[in-house]
Amino acid sequence: MSFWKKPALVAVSTLTALAVSACGVTSGASEAPKQPSVLELLASDLKGSLLKAAEATDKTESVTVTMTGTMGGEKISMRGFLDLGDPLKAEMKMTNSKGATTVRMIGAVIFTEIPAEGRTATGGKRWMKMDLTGLSEMAGTGFSKQLEDMDPVKQVKTLLAIEGTTVVGQETVDGVPTVHYTVTTPVATYLKQIDAMRRDATEETLATQGVKELKIDLWVDEQYRPRRAGMVMGKMGDMVIDYTDYGKAVTVETPPPAETADFAEMLKGLTADS
């Protein structure tokens, strides 16, 4: 090797090493820290994630719900949709050991479809109307309470308001990745989250059944929307609600007056006859 070639080779090697070293330093310096995934945030930032879930769900106009569970030892199921506007509207097909029926709710007014064989008392009319306005002793139980418990907005806000909610971990619900939250709370704490008009009736029902605490579960997806909710009410019963089709257009119509019997009017008639 000639005299001038050797120094040149050394210089080139040195420059190459410096270049590689410099590239490594630059690359490391410019590499941004890895951002946590939504699922990781849902698991690590419980309160912040539930606040986001409340905000996202509050903007939702509708959702399809499927509920299964037991009540008083009897298996029940319900499927339909909620219109989450003001007032709350719903249409559900309810199934139990006695059969299936369709129920619609528009605000505080419930319309129950009467089976064909039972329409003699309603003059052949298909629907029974019951206005729960002012009827606090009825508004805290039955279908209206089930609908209140189904509202995904209420599910999120209940967990936010109750101390002791914890993260169970990441779980898949109907193929959708979610994070599972849970809390067990005394009845007295749970009652504070219920509308005042329904509180007394709900408290009486739970006390009659010997319920002292409730276990509440919620599964939230990467869009900060509830995908599943669960509640265990001691020996009184339990339910699991699945949420799908957020934002899908739905319509809940008031049944035609000609096909509707008014429960209040029927009661007046019975009182007059007696």
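This is a predicted model: local features need pLDDT of at least 70, side-chain atom pairs count only at pLDDT 80 or more; totals for chains, interfaces and linings use all residues.
## Overall make-up

The chain has nine helices and 12 strands. It holds 274 residues, and 37% of them are buried. Among contacts with a separation of 6 or more, 55% are between residues 24 or more positions apart.

## The sheet

The 12 strands form an open sheet with mixed pairing. The order is S7-S8-S9-S10-S11-S1-S2-S3-S4-S5-S6-S12. Strand S7 (166-173) and strand S12 (260-262) are the edge strands, and each pairs on one side only. From one strand to the next, the twist averages 20°.

Strands of a sheet pair through backbone hydrogen bonds, either parallel or antiparallel.

S8 and S9 are antiparallel, with nine bridges. Thr-182 has Asp-217 of S9 as its bridge partner. S9 is mostly covered, with seven of its nine residues buried.

S9 also pairs with S10, in the antiparallel sense, over six bridges. S9 and S10 form a hairpin with four residues between them.

S10 and S11 run antiparallel and are joined by six bridges. The bridge partner of Arg-228 is Asp-242 in S11. The hairpin of S10 and S11 has three residues between the strands. In that hairpin, Gly-234 takes a positive phi near 55°.

S1 and S11 run antiparallel, joined by eight bridges. Two bridge partners can be named.

S1 and S2 are antiparallel over 10 bridges. Gly-69 stands opposite Ile-76 in S2. Two residues lie between the strands of this hairpin, where Gly-72 takes a positive phi near 60°.

Further along the order, strand S4 (residues 99-106) pairs with strand S5 (residues 109-113). The sense is antiparallel, over four bridges. Val-103 has Thr-112 of S5 as its bridge partner.

## Helices on the sheet

H3 packs on the sheet. It touches S7, strand S8 (176-186), strand S9 (213-221) and strand S10 (226-233). The direction of H3 makes about 105° with that of S8.

H6 lies across strand S1 (62-71), strand S2 (74-83), S8, S9, S10 and strand S11 (237-244). H6 runs at about 115° to S9.

## H3 against H6

Two packed helices are described by the angle between their axes and the distance between the axes. For helix H3 (residues 46-58) and helix H6 (residues 152-161), the axes come within 9 Å and cross at roughly 155°. H3 is therefore roughly antiparallel to H6. The crossing of H3 and H6 is left-handed.

On the H3 side, the contact uses Lys-47, Leu-50, Leu-51, Ala-53, Ala-54, Thr-57 and Asp-58. On the H6 side, the contact uses Pro-152, Val-153, Val-156, Lys-157, Leu-159 and Leu-160. By class, the contact of H3 with H6 has nine nonpolar, one polar and three charged residues.

Most residues other than glycine have a negative phi, and most peptide bonds are trans.

A cis peptide bond joins Asp-86 and Pro-87, with omega about 10°. Pro-87 is in the loop between S2 and strand S3 (89-96).

Tyr-224 has a positive phi, near 60°, and is not a glycine. Tyr-224 is found in the loop between S9 and S10. The relative accessible area of Tyr-224 is 12%, so this residue is buried.

Asp-245 also has a positive phi in a residue other than glycine, near 50°. Asp-245 lies in the loop between S11 and S12. At a relative accessible area of 38%, Asp-245 is partly exposed.

Key
Residues are numbered from 1 along each chain as its sequence is written. Side-chain values use heavy atoms; hydrogens and water are left out. Axes are lines fitted to C-alpha atoms, for helices over the stretch in contact, and angles run from 0 to 180 degrees between N-to-C directions. Angles under 35 degrees count as roughly parallel, over 145 as roughly antiparallel, 65 to 115 as roughly perpendicular and the rest as oblique. A crossing is left-handed if the near helix is turned anticlockwise from the far one by less than a right angle, and right-handed if clockwise. Contact means heavy atoms within 4.5 Å. Ala, Val, Leu, Ile, Met, Phe, Trp, Tyr, Cys and Pro count as nonpolar, Asp, Glu, Lys and Arg as charged, and the others, Gly among them, as polar. Two strands pair if DSSP finds at least two bridges between them. Buried means under 20% relative accessible area, exposed over 50%, partly exposed in between (1.4 Å probe, protein chains only).
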